[in-house]
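Biologist: I am new to this structure and would like to learn how to read it. Could you take me through some of its features?

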Amino acid sequence: MIDGKRVLIIMPAWNESEGVADVIKEVYATLPGVDVVVVDDGSADETAKVAAAAGATVMKLPYNLGVGGAMRAGYKFAHDRGYDIAIQVDADGQHDPRNVPELIERLAAGADLVMGARFAGTGEYEARGPRRWAMLVLAFWLSRMARTKLTDVTSGFRACGPDLIDAFARWYPVEYLGDTVESTIAVVRAGYKVEQVPVAMRARTTGTPSQSPWKATLYLGRIGMILLLAFSRRSALGPARKKSAQKAPKALEKQVS
């Protein structure tokens with residue numbers, strides 16, 4: 001536990017046997033008191049075995065669902081076991097667990113979803129080409145929707161409290177980048193409070209990036225469709241933005257049904 005809260009680190013992993021043990025050990029060393037569940041997303045290597053040997057609880061999916069599917073399974077695990085806080089930490093070593101306490105502090109101060117953000121004045125991470133253009137467009141429009149500055153809405157380093165754990169256990173997008181962009185749009189439209197914490201992302205230690213310039217280019221068009229849909233329904237969803245946190249999970253469920 002951290003500050004009286006049961007904290008679960010959800011670590012989606014796909015063919016990360018070379019580095020996942022080091023990431024798990026770093027989490028335990030940096031954050032004593034947290035639990036770690038590794039969701040093995042249909043790996044063809046020894047990810048599950050290595051993660052279990054490092055001390056994590058392991059959920060092994062029968063085939064690859066993508067990050068969104070793995071995270072939905074992780075949120076269901078957190079919900080069923082009554083965790084107060086769930087935090088996504090990638091298995092490739094990019095997310096620094098030393099930033100976790102600040103994410104938790106923002107939750108304690110009233111945020112519902114807190115993202116570890118690149119491009120917010122910390123670190124030297126850079127993105128170029130279509131991927132960078134997509135990030136800029138998303139950051140601009142989602143900042144307007146959330147009424148706060150968001151610089152990195154595609155970040156997978158994020159923390160949430162019990163209301164969103166409950167909602168995400170019942171619904172979480174599984175398509176490409178839906179786990180970050182679409183989930184954030186739904187959260188904002190449902191009236192949750194979203195904040196970010198500047199972090200320095202590290203270079204991945206092992207594995208192969210799941211993204212590519214071609215996917216990023218294709219996603220530019222998809223981003224436009226997502227934003228047009230969100231803003232075309234904005235007036236109809238106005239009242240949901242004012243609902244209390246107790247009613248927000250139900251509102252979220254309606255937005256994505």
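**Reading the model together**

Modeller: Gladly! Let's begin on one side of helix α1, where Asp 22 and Ala 29 are exposed. Keep in mind that this is a predicted model.

Biologist: Which residues of helix α1 are buried?

Modeller: Helix α1 covers residues 20-30, and its buried residues are Val 20, Ala 21, Val 23, Ile 24 and Val 27. Looking down the axis of α1, you find these buried residues within an arc of 165°, so they line one face of the helix. Asp 22 and Ala 29 sit on the other side.

Biologist: What covers the buried residues of α1?

Modeller: The cover includes β1 (7-13), β2 and α2.

Biologist: How many residues of helix α7 are buried?

Modeller: For α7, residues 181-189, the count is 9 of 9, and the helix is mostly covered.

Biologist: Let's turn to a loop. Where does Asp 41 lie?

Modeller: Look between β2 (35-40) and α2 (47-53); Asp 41 is in the loop that joins that pair. Asp 41 is buried but has no salt bridge, and Lys 60, the nearest side chain of opposite charge, is 9.5 Å away.

Biologist: What does the side chain of Asp 41 reach?

Modeller: It reaches the backbone nitrogen of Leu 65, at 2.7 Å. Leaving out residues up to four places away in sequence, Asp 41 also touches others, including Ala 13, Trp 14, Tyr 63 and Val 67.

Biologist: Why does Ala 13 count as buried?

Modeller: The cut-off is under 20% relative accessible area, and Ala 13 counts as buried because its relative accessibility is 2%. Ala 13 is part of strand β1. With residues up to four places away again left aside, its contacts include Val 38, Asp 41, Thr 47 and Ala 91. Ala 13 and Val 67 are 54 residues apart along the chain, yet their C-alpha atoms are separated by 8.1 Å.

Biologist: And the chain as a whole: how many helices and strands does it have?

Modeller: The protein chain has 9 helices and 7 strands. Of its 257 residues, 51% are buried. Among contacts between residues at least 6 apart in sequence, 77% join residues at least 24 apart.

Note on methods: Residues are numbered from 1 along each chain as its sequence is written. This is a predicted model: local features need pLDDT of at least 70, side-chain atom pairs count only at pLDDT 80 or more; totals for chains, interfaces and linings use all residues. Side-chain values use heavy atoms; hydrogens and water are left out. Helices (H or I, at least four residues) and strands (E, at least two) are DSSP runs, numbered from the N terminus. Buried means under 20% relative accessible area, exposed over 50%, partly exposed in between (1.4 Å probe, protein chains only). Lys and Arg count as positive and Asp and Glu as negative; His and the chain ends are not counted. A salt bridge is a side-chain nitrogen of Lys or Arg within 4 Å of a carboxyl oxygen of Asp or Glu. A polar contact is a pair of N or O atoms within 3.5 Å; within protein, one must be able to donate a hydrogen and the other to accept it, and residues adjacent in sequence count only if both atoms are side-chain atoms. Contact means heavy atoms within 4.5 Å. The arc is that of the directions from the helix axis to the C-beta atoms.
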